[in-house]
Structures are given as C-alpha cells and as structure tokens.
2 protein chains.
Amino acid sequence: MLLGLKRLLIGRPMKTNELGEEKLSKVKALAVLSSDALSSVAYGTEQILLVLVTLGTAALWYSLPISVAVVCLLTILVLSYRQTIFAYPTGGGAYMVAKDNFGTSTGLVAGGSLLVDYILTVAVSTSASTDAITSAFPVLHEHRVLIALVMILLVTILNLRGITESATILMYPVYLFVAAIFLLILGGGYQWLTGNLHAQTHTPAYGAAVPGITLFLLLRAFSSGCSALTGVEAVSNAIPNFREPAPKNAALTLVMMGLILGVMFMGISLLAYAYGIAPAVKETVVSQIASAVFGRGIIYYLIQAITALILFLAANTAFAAFPLLAFMLAKDRFMPNMFMVRGDRLGFSNGIIFLGILSAILIISFGGETENLIPLYALGVFIPFTLSQAGMMKRWLTKKPSGWLVPFLINTVGMLTTLTICLIFLITKFTQVWTIFVFLPIVIFIFRKINGHYRDLADELRLDVEKEKPQPKGSVIVIPVSGISQVVKNTISYAQSLSDDIVAVYVGFSDEEMKRMEEKWEQWNPGVRLIVLRSHYRSIIKPLFKFIDTVEWKKAETDHVTVMIPQFITKRWWHNLLHNQTSFFLRAYLFARQDVKIATVPYRLKK
Amino acid sequence: MLLGLKRLLIGRPMKTNELGEEKLSKVKALAVLSSDALSSVAYGTEQILLVLVTLGTAALWYSLPISVAVVCLLTILVLSYRQTIFAYPTGGGAYMVAKDNFGTSTGLVAGGSLLVDYILTVAVSTSASTDAITSAFPVLHEHRVLIALVMILLVTILNLRGITESATILMYPVYLFVAAIFLLILGGGYQWLTGNLHAQTHTPAYGAAVPGITLFLLLRAFSSGCSALTGVEAVSNAIPNFREPAPKNAALTLVMMGLILGVMFMGISLLAYAYGIAPAVKETVVSQIASAVFGRGIIYYLIQAITALILFLAANTAFAAFPLLAFMLAKDRFMPNMFMVRGDRLGFSNGIIFLGILSAILIISFGGETENLIPLYALGVFIPFTLSQAGMMKRWLTKKPSGWLVPFLINTVGMLTTLTICLIFLITKFTQVWTIFVFLPIVIFIFRKINGHYRDLADELRLDVEKEKPQPKGSVIVIPVSGISQVVKNTISYAQSLSDDIVAVYVGFSDEEMKRMEEKWEQWNPGVRLIVLRSHYRSIIKPLFKFIDTVEWKKAETDHVTVMIPQFITKRWWHNLLHNQTSFFLRAYLFARQDVKIATVPYRLKK
C-alpha cells in the first residue's frame, strides 16, 4: 500500500540509461532555474523602501538611484558568471570555482554557505508566497505556517518526480509572472505618462533634500535591494542539466534572465516611486501597486495569484540546486554517501527530501515569519559570489589565455563589488546576519569530520591484492535452545551442514526445569552437546552472554564463533506480539557488544 | 543513562528466589487490596443522591433504605466470596471459578469483563481523586487531565518497584482514610445527637410522600449505590499474594474489609441525610459533609487530602489484580506470553505497564471526566460476581461435600441478587452501559484468536523425540560484495571455514564498472567464484534478489542457502549516517521474503 502511494506521488521508477532524456532546453531551463531570481522582484523594491521610510516618505525618491545601482550590480554579476560558465562547463558554481583555485577550505566556505542558503531560499520564498496570498485574503493570515508547509510538501513531491516533468509544470507560471509584471509596468507607465493617476497618489519630489539622511542609511537600503539578486547563481551551478552545447545554452539563459530581471526590478521601483507607495505592514508593495493601477478587480487578484505562485516556485530553484551541490560535496567525501544515490526518478532524492525537511523546520520554528531571514539569505549568496569571482581572477592570472585581460578585469570589478556588498551587510545589518558566523563554522566542521571518517575508512579497508588472501579457520557454532521442537531440529540440521563443532545452550530458571531438559535431550540425542545454564534473574540473555564470552575468549584465536538464532516468521504481523522477541533482543545485544558472527535461521510458520 | 534512570525509579533487580519474601501480611493486604473497595464510599452515597435529587430534595430520604439494601448486598457478597476463597485457595476469582465450573467460554466472559474493569477502576479512581483535590482547590480544575496522568505514572512506578514496598507506602493512607471517615462520622453523629447542627441544614422529612416517585427510579438509585461495592472481589483474586495460611488470612481480610466498608458507607449516608446534603456540580458530597461538620478548617482539608490519596491508591488495587489475572489468562494461552514474564522486581511488569498505558488513554480520551464510566464500571464488576457465584453453586451441586446445603444457599442468594442487579443496570442505565456489549465480544474474540495461534504453533512445533533427528545437508554460501576490501576478505575467510560452495556476487551499474571488477577479482584470486550482475535501476537489492531466488530454486532441495552479509560496526553512532544502510535493508528484505539463512558478519571499524 505504501509502495502504491509512492508510485502515485512519484511515478514509475526509471532506468539509469533514461538519464539523458532529463536534460533541459533553454526555454525550460529559464523556467526551472530563474524563478528564484525573477521572483525576487516581489520583495526587492519593498526591502529598499522599508529602510528609506524610516526617514519619512520624502526620502522614498532615493529608491530610484539605489535601484539603478542594483541593476548595475546585476549587469556585473551576469557578465562575471557568463565567464564562469565557459570556464567550468561541468558546473559547480562557487564551490567548484573556489575549490579549484584556492583549495578545499575556501571551496567548503562557498559550498557550506550555499547549502545553508538554499534552505533559506525555500523558507523565505514560501513565506513570501504566503504573504502574497494573505495580502489578498487576510482571513488566511492565521494559517500561514500550514500554507507554507503544504507548499514545501508539494514542491518536494514535484522534485521527486523528476526534473523535466516539473519543468513542464513550471514553465507556464514563470512566463505568466513575467507577462503579469510587464502588464503591470505597461499599464502603470501608460497611466503615469497620460497623467491619469488616481487622485490619492502623491509622487514624492525627486531630489528633494531629506533631513537626517546618512551614507550608512543609503548603504543599508542598497544592501537590502541586493536581495533582489539572490538566485542569479543558479544557472551556473546547473550546467550539467542543460542540453548540449550546455555551456552556450546556459550562458544564453543567464543573459536572458538578467535582462528580464533588470527590466522588471527597475519597472517596479519606478512605479512604486510614481505612485508614491510606502511599505505597509499588512500589504506588500506589489499588491499596493497592482491595486493602485488596476483597482481591486480580477486583474489585481490574478497578479497576486501569479506572484504567490512564482514565489512558491522560487523554492523550486533551490530544489534543483541543493541536491546537485550536495552530490558534488558527497563525491568529494564531505557529505554522506546517500546524497550520491539517484532515486526512482533519477533525481538525487535524499538531497531533495533533506532540503524539504530542513526548510519545513525553519518555517515552523519562525512561525512562518521569515522576513528577518532575508538579509542573512542575501549575505549567504554574496559570500559565494565573492569567492567565485576571486577564484576566476586567480584562474585568469594563472592560465593567462589569449585576451585574458578583459575577462580578468570584469571578474575583478565583480569581486570588488560583491566583497563591498558583503562588508556593507556586515556593517549595516550585523544584528540580522551574525548567525552566519555560527552556522558556517559548524557546517564546515561537519564537512571536515565526515571527510576524516571516510579517509580513515578507506585506509582501514584497503587491501593488498597481491599479498592478502582469505584464510579459512575452524568454526564453533553456539545454538541457544528453549526446548525441543521442530525449530530446534531445523536449526541443528543447518548447523550440522556447516560445522562439526556445535554446542546447544539452554537457560533454565529452576533445578527441575534444568533436569527435565537434560533428560529429554538425552532421550532425543540429536548428536549435539547440550550445556545447561542457570538464570537467577529470569533473564535468558545475561547467562547466554557470559557463556558466549567464554567460548569467544577460548576459541576466537583459532576458530570463528557463530551464534545461530532461530527466528519465527509469523504468517500475520500481529502474531509477533504473541512471541517474546528474545531472538530480536539477542541479535541486537550480540551485535552491539560481541565480535561473534550471527546467523539468523528463519522458521516460517504455516498457520 | 537510561539504565541508571530505570534503577533509580524501579530499584535493583531481584533474584527469582527472593520471590517468597514478597508475600503480604493481613494488615498489609488489607491496605493493598481494599483501597478500591473502601474508597468507593467517596462516591457511593453521592451516586444514590444524584438519582434521587432529580425529584427534588424531598426525595433524598430514600437514600437511607437504599443504603441499607446496599449494605445487605455487601453482606451477601462477603459471605459468598468467603466460600470462594476456601474453595479456590490458589486464587483466580471469577475467571477461575467460572472456567472451572462452566468451561472456558464462561470463564473468558468473566475474565474479559474483569480485565476491562480494572482499566476502568484506574481511570475512575484517579479522576475521582482529582475531583477531591479540585473540590478543595478550584484553581486546579483546568489541569485535571495532567493531575490524573501524573497519578497513573506514579502508581505504575510504585508497582514496578514491587508489591511489598508499595504496600508499606500504602498502609498509612488507607488506615488514615478509615480513621478520617470514622472521625467524620463520630463528629457529625455527635453534633446531630446533641442537636448542635449548623443553622442552614434542614433534614428532609423521613418517609414523606414524594410526588413522581417510581420503582424504576428507586431501582436506578439502588444500582447507582452498588458502585460502592466495586473492589470487593480483589481479595479473592489475590490469594497467592498472602502469607501462609493464605486462604484463612484472605478470608479474614475479606471480612474485615466488608465490616469497615459497611460501617463507613452507612455512616456517610446517614450524615448526608442528617445534614440535608444535596449533590452539587462543583463539590463532592463528602466535601460538603466535612465542611458542614468541621467548617473549612484544617480538619476539612486533611479529610479532602486523605480522600484524594485513598482514591489515588484505589487505582493500586487494579495494579495488583490486573497483572495477576493477565498472568492466569496468559498461562491458559489466552493472552500473549509476555504477561507471564516477571520483571526486575518480580512483579509482572508487562501487565503493570499495559494497565498504566490503557488507563492513561482512557483519561485522555475522556478529558478526565470519567464520571459517566462509573455505571459501566459497576456493571463490569457485577457480571463476574454473578458468574462466580453461579460457578460456586454448580460446584456445591456437583461435589456435595458434607454440610453443602447452607453454603449452596448462600451462593444461590448471592447469585440471584447480583444477577438482579445486572438486570437493573441494563434496564435503568442502558445508555451508559451498552458499550459492554461491544467491548466484551471484542476482548473475547481476541482471547480466542490468541489461543488459536498458540495451539497451531504447538501443533506445528511438536517433535517426535524418538523418530525425528536433525539431518545435515549440503550448504551454499552467497556473499554480496561491493568491491575488494578487508571486509570482503574477512567475510570470505569466514565463509570458507563453513563451506566449500561459495559464490561472490557483485552488482554493477555500467559495463566499465563490471569489467573493472571482474579484472580486479581475477588478479586477487581469492579462491571463490564471482558472479557479476547488471542493475538498470540503481538498486543493488533487486538484482541480488533475483540471483538468490535462482540459487534457492536450484539448491534448496539439496543444500542450505546462506546469504552472508558483512556489516560495519562503527565506532561512533553518527558514523552510521555516513554509510548507506545496504546491509540493513538487505537483511530486512531477505528476512521478509525469502527462506534463506542470513549470516551477519560484523566488521568492527577501529577509527
């Protein structure tokens, strides 16, 4: 039944050689990989305004120059990452680039930072999506956590089904969102140009002097705006998912994404300025613009619905990126093996499930109010940005291919810019981002620990093929018996097929019991010695252990010691409740404490 | 650490031969076994008044003749059970007596009824105890469920520690309660006789005509009063717990208990009448009497505290009786074996824990408001009462010892009375007791099912000691390998010590992988054939299974098929997370589906 449910949710298992079919075309890739970046416009402008409004609405005009700065930054990032794609056609993004150029430690900083960040992506995006829904329908506000959790569950299942299928599902909303935002920009722009604005809007005077404005505040607002750039790195991390020629397709996809993102972000910022919109507690900025431009009619609700949808799907970008990065870290033995296993539908299921669970935990522990995580999330993106570009710089300097100077300069500008932004984050938002100094060392410590274990293991298991061959020894078999029955006969028959040195052990609770057993055994005479032990504490396991210890102590040098445990296989599950699970406990204890071999001899009950 | 906690709560394990020391003296037995019966006076009178008050306070005088009837019934029960004790000195109460005289089916009705009833005892007593506390401290009212659950936990732990110790703890409160109730009766009686009643009391006129009084209502009130008799059977069920001469000591204890119970119950009823007390929603009748007699001073609070304590300890009676009955049912193979196992402190731990859990579930599902369960609980007592006496009647008729007529008549009167009460319950309180017709058949069905399984099992496992001897066959060993390493060497060495017919199996995911393995194996040449299988679905287990199936199909007739599974024992628990648990899954699947023997070969990692 469980299997049936799994089939229904995940689909039929696929063969390994079906893997090739799962590659993405450019149009699909743009949908799968850009929803995170594009959806950032839903909160990017709002983050800038939230900082500026602390000085009053007169300061809101600063959002325009700040937005221009963010778009410039976007251009730099796109150009830089375009170069990375061609330099590292097998993908890997910041982790690969940093590791390749600066060694493992730096790579792990970038990788750990990104891993944590993908979890934050899922949490922040689903929360923001829930915000878009509750802006339109305030009654749902109290069910925020539940809504966000359902979203995480859905996106997890979609990803377990496999990449191509989810891409087909995702294409429409992503393009619908682009269309919706362009419609909003065009509609709003038309109204503005024709002077046909609603009565209540009052555009703040551009360039007006604002008392109390400081560079600190402007930098803070700028760094907030940078949250609109989260997700840009997704394309370069996922190159192996593209159809051939993968690097070229990926680069084109990246540029397209940058263009669309830049236009949309600038458009929203302009509209917010034109309509004189200030951030509100209960309604998002996009919701305010939409309702100002189109009124609270069908178009407004459509825009909200699509915004909610795209934010929900932004989480999907992380679900495409996290398992790939985990796979690469596992391949380098910094994460457990299990992240290398492909599931029924060829996705890295363990990574997908792991991401789903961790982000759900984040949502629950923050009660769905993850807005405070946005700065942390943005910083977590800019650290690997910086490391990745610095890595590219070093690469150009080391390899010096023909015409290396221009790309080197591009990466240098990119690195300096992103480094500056990291510093701005640390200085202006320390209270919101300091936890990165806790998380990141812990994650890297875990990476190191795991790596250490795998190294030790490899050393320990290595075998000299020429010299080390298997060497048989003798063998002693110990059979615990609780009486004389078909089960015991069955087990002894089996033991006799393997060894001549067999001991049956019986644990009795009283003298009569022990004597009766000895007599009956003699009468049966199965050709095997019987040792009878006395238990004072009604436990079969303790005396048995002592005995096995003795045997092991005497025999382990010369012989293998095997304990043979008969075990019923009942016909119905509830029959298990009717048998004391002695064999189960015996196995568990033996396994935990002794070095003996344990053979389980099944006895299948017929009724 | 867990073990340390267990030691602290339960105490050190005891040897089986310490069992004799755990017997009860009369004084202790009265405490352990009578708290259920004696504590019934805390709610018996109230149950009568609750029915009568529906006709107004003028009808309350009927409580006096009804109480007299209840005391007569008590006398009959005590005399009847006294005879049972001597007839069945090994104990067993209703289950044993009914089974012995009418066969298994009737026995199971009595036994099942009692088992369910003990669970109700715990739930009802702890709830009533909570009532006594919240009567005195109304602020605690909202924590009813928690208070009751803590009580259940406490009484479970006390019982796991062992009978004698809990008896020592329990002696004082039981006798304190008797003293407190006698103090209340004496104090109230003195005030009444001296005419020194408080001003506000107005005793209802005795014998006054009450409009609307019906036989139905009186019978209903009478049956409600019978709830004061629950727990009387405890002594005859627990005879084996008494010091020698057990039957005589038990009979004396029973009579003593009957006397004390009768006096206390009659006393409370008289006082309730004298003080003109009507049942109230928020305060128990005993609390009202105590506060009328002594005022809300220190004596009042002491009486409430002791009442709460005795009701709490009433649950203990069930904890003494349930495991014993479960033991007897398990011995007759109607309940799982595990109820026959004595724990560290020689009590039947599984029965104790089982009772604790089930009653906690009842408390939680009724939200601590178990008053509605009282009639069901009372009926659950009177069914086995009736069956037990009928059994005794049959016994006298069958055996006809000298002077059998008087005891026969006593049992006959007893049987007819309790049967009548059962019928009264069914007629007057059907809405509250119909569930017994659901529970009881289910419980008996389960008994029968369990018994059937054990019978089948015994048939299947029976062995002819003269003719059936173990017969060795040949042996094939299959070793799944994932590469060439120390683990594989270790496993093959072991296999070679047991059999000459060994096959190593490797599952590859690609042609290169498979070829590489074959070449390396040839180079190593461990003296064992290697079979290389191809997996299309990235699962090691499926191809392996197909292979094992084939081997089994070919070999099972002539040889034992053993699958040898190497398994890491890691040095630290978290290392397990770093290994795909293939060996665990392999074992689980093999065990569930195939008939092969499974040998686990531990490989203990050093780092």
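Me: How many salt bridges does the rule find across the interface of chain A and chain B?
Reply: In this predicted model, local features need pLDDT of at least 70 and side-chain atom pairs count only at pLDDT 80 or more, while totals for chains, interfaces and linings use all residues. Side-chain values use heavy atoms, with hydrogens and water left out, residues are numbered from 1 along each chain as its sequence is written, and chains are lettered from A and ligands numbered from 1 in the order in which they are written. A salt bridge is a side-chain nitrogen of Lys or Arg within 4 Å of a carboxyl oxygen of Asp or Glu. Across the interface of chain A and chain B, the number that the rule finds is two.

Me: Which residue of chain B meets the side chain of Glu468(A) in a salt bridge?
Reply: Side chains of opposite charge can pair when their charged atoms come close. For Glu468(A) the N to O distance is 3.6 Å, and the partner is Lys489(B).

Me: How many residues of chain A are in contact with chain B?
Reply: Contact means heavy atoms within 4.5 Å. On the side of chain B, 81 residues take part, and from chain A the number is 81.

Me: What is the area buried between chain A and chain B?
Reply: Buried area is the accessible area (1.4 Å probe) that two parts lose on being put together, summed over both. Carbon and sulfur atoms give 57% of this area, which comes to about 7,500 Å².

Me: Which strand of chain B is joined to S5(A)?
Reply: Strands here are DSSP runs (E, at least two residues), just as helices are runs of H or I with at least four, and both are numbered from the N terminus. Two strands pair if DSSP finds at least two bridges between them. Ile598(A) stands opposite Thr600(B), and three bridges join S5(A) to an antiparallel partner, residues 597-604 of chain B, namely strand S5.

Me: How are the two copies related?
Reply: Copies are superposed by least squares on the C-alpha atoms of residues with pLDDT of at least 70 in both. A rotation of 179 degrees, with 0.0 Å of shift along its axis, superposes chain A on chain B with an RMSD of 0.3 Å. The two copies are therefore related as by a two-fold rotation axis.

Me: Which residue of chain A comes closest to the rotation axis?
Reply: The distance is taken at the C-alpha and amounts to 1.9 Å. Of the residues of chain A, the one that comes closest is Ala599(A).
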